[in-house]
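I set out to record what I looked up in this model, entry by entry.

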Amino acid sequence: MSCITANAAEPTNEELRQLIDAQQKEINELKESVKKADKKAEASVEAAEKSMNNSASSKLSFGGYGELHYNNIEDKESIDFHRFVTFMGYQFTDSIRFFSELELEHSLSGDGKPGEVELEQAYVEIDVTDATSIKSGLFLVPVGILNETHEPPTFYGVERNPIEKNIIPTTWWEAGAGVTSKLAEGLTADFAIHSGLEVPNDAGVYDFSIRSGRQKVAKANADSFAYTARIKYTAIPGLELAASVQHQTDLTQGVLNADANLYTAHAIYNVDGFGIRALYAGWDIDSAEAEMNGQDKQDGFFVEPSYRFNDEFGIFARYSVWDNAAGNSSINTEMKQSNVGFNYWPHENVVFKFDLENRSGAQDGNGFNLGVGYQF
């Protein structure tokens, strides 16, 4: 019986060609897969870089506000872009930040021009604990209602109330250091040591005009510093109560030793559209020179009820009384002012305003004011 061994048939040229083609196809598909993987990797890197860039830019914040006023009081008409303000801040870390505010008043500044370019804020703030922060630089003094929050959509009336113009010289900023601490839920305390006022003098005769005493931290005389403390309560929704005390060691910056104390207290309450604001502010100046013209006592108050019908429309009335020479009983220097009007907000950050104004007492005048304002 014979045994036959059969050798496997050798592949033909056609079969070899097909095999090579199949292998080449697999190689090409592998190359394409590698290219796609490279593109995905590049896209991932670009996305990561973009995310990093966005993260860096998100640390920078920008904003501002502005307001245009038309005033017609006793046939004296004027129109003025009163303020153009820009904010800029930077978040260095979760606990260290910078904030600044630059303002152009009355549109045009320079020699003989009505306006000024002013640096109103520029400070670094550091969170020491969850409840306490410190700041240093140029900042708004923690007194009154409007001095720290005065963007046009946040208050009624074209012009700011006269108490926070003539008694509290809003907007009022100084340079120094301060601390803010949360004492309990809805209860905070502020304390600051900062530069002070320097009232003007003419050939050694001093005018104790508080508003004219602002040095605005422009090569300011720092012979005598000031100290401000405030306590604020906001634990009840819609309610804000606050009181502040400021001590100025010398309003003449070392010339007359005219120390002074400012006392303020205010209340704000909003519920179901109804709102009311009330503020008292008064100066007690220990100086014989200030007593000569009654400026040793300067005080004032305002009361402002309002009603907001909806997000767009609200009405208000405000009654203000102040006296920058209240220590002089021989003549009437008291001033009174009433304003009645409305605000219209087409957007929460845009407002149109109108109010009627009546002045009496040591000043007289009737008229109206129109304004538009914004913030962002």
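**Entry 1: salt bridges.** I counted the salt bridges and found 13 in the structure; the term requires a side-chain nitrogen of Lys or Arg within 4 Å of a carboxyl oxygen of Asp or Glu. The model is a predicted one, in which local features need pLDDT of at least 70 and side-chain atom pairs count only at pLDDT 80 or more, while totals for chains, interfaces and linings use all residues. Residues are numbered from 1 along each chain as its sequence is written, and side-chain values use heavy atoms, with hydrogens and water left out.

I looked up Arg-97 and Asp-127, whose side chains form a salt bridge at 2.5 Å, N to O. Arg-97 belongs to strand β3 (residues 96–105) and Asp-127 to strand β4 (residues 116–127), so this pair ties together parts that are 30 residues apart in sequence. Strands here are DSSP runs (E, at least two residues), numbered from the N terminus. Asp-127 has 29% relative accessibility and therefore counts as partly exposed; the scale sets buried under 20% relative accessible area, exposed over 50% and partly exposed in between, with a 1.4 Å probe and protein chains only.

I then took Asp-190 and Arg-230, which form a salt bridge at 3.1 Å, N to O. Asp-190 lies in strand β7 (residues 187–195) and Arg-230 in strand β10 (residues 225–233), so the pair ties together parts that are 40 residues apart in sequence. I noted both Asp-190 and Arg-230 as buried.

For Glu-357 and Arg-359, I recorded a salt bridge of 2.7 Å, N to O. Glu-357 is buried, at a relative accessible area of 6%, whereas Arg-359, at 27%, is partly exposed. I also found Glu-67, Arg-83 and Glu-103 linked in a network of salt bridges.

**Entry 2: Phe-87.** I located Phe-87 in strand β2 (residues 76–91). Its relative accessibility is 13%, so Phe-87 counts as buried. What does Phe-87 contact, leaving aside its neighbours within four places in sequence? I listed Ser-61, Phe-62, Gly-63, Gly-64, Tyr-65, Phe-99, Ser-100, Glu-101 and Glu-151, a contact being heavy atoms within 4.5 Å. Phe-99 is 12 residues from Phe-87 along the chain, and their C-alpha atoms are separated by 7.4 Å.

**Entry 3: cavities.** A cavity is a set of points on a 1 Å grid over the protein atoms alone where a 1.4 Å probe fits but cannot get out, and lining residues have an atom within 4 Å of a point.

The largest cavity holds about 70 Å³. Its lining includes Ile-145, Phe-155, Glu-159, Arg-277 and Arg-318. By class, I recorded five nonpolar, one polar and six charged residues in that lining.

The second largest cavity holds about 30 Å³. Among the residues lining it are Glu-67, His-69, Pro-152, Lys-353 and Gly-371. Strands β1 (60–73) and β18 (365–375) each supply at least two of its lining residues.

**Entry 4: confidence.** I noted an average pLDDT of 91 for the protein chain, with 90% of the residues scoring at least 70; pLDDT is the predictor's confidence in each residue, from 0 to 100. Where pLDDT is low, the predicted coordinates should not be read in detail.

Notes: On a 1 Å grid over the protein atoms alone, a cavity is a set of points where a 1.4 Å probe fits but cannot get out, and a pocket is an open set with protein on both sides within 12 Å along at least five of seven lines; lining residues have an atom within 4 Å of a point. Grid points are joined across faces, edges and corners, and a volume is the space filled by probe spheres set on the points. Ala, Val, Leu, Ile, Met, Phe, Trp, Tyr, Cys and Pro count as nonpolar, Asp, Glu, Lys and Arg as charged, and the others, Gly among them, as polar. Helices (H or I, at least four residues) and strands (E, at least two) are DSSP runs, numbered from the N terminus.
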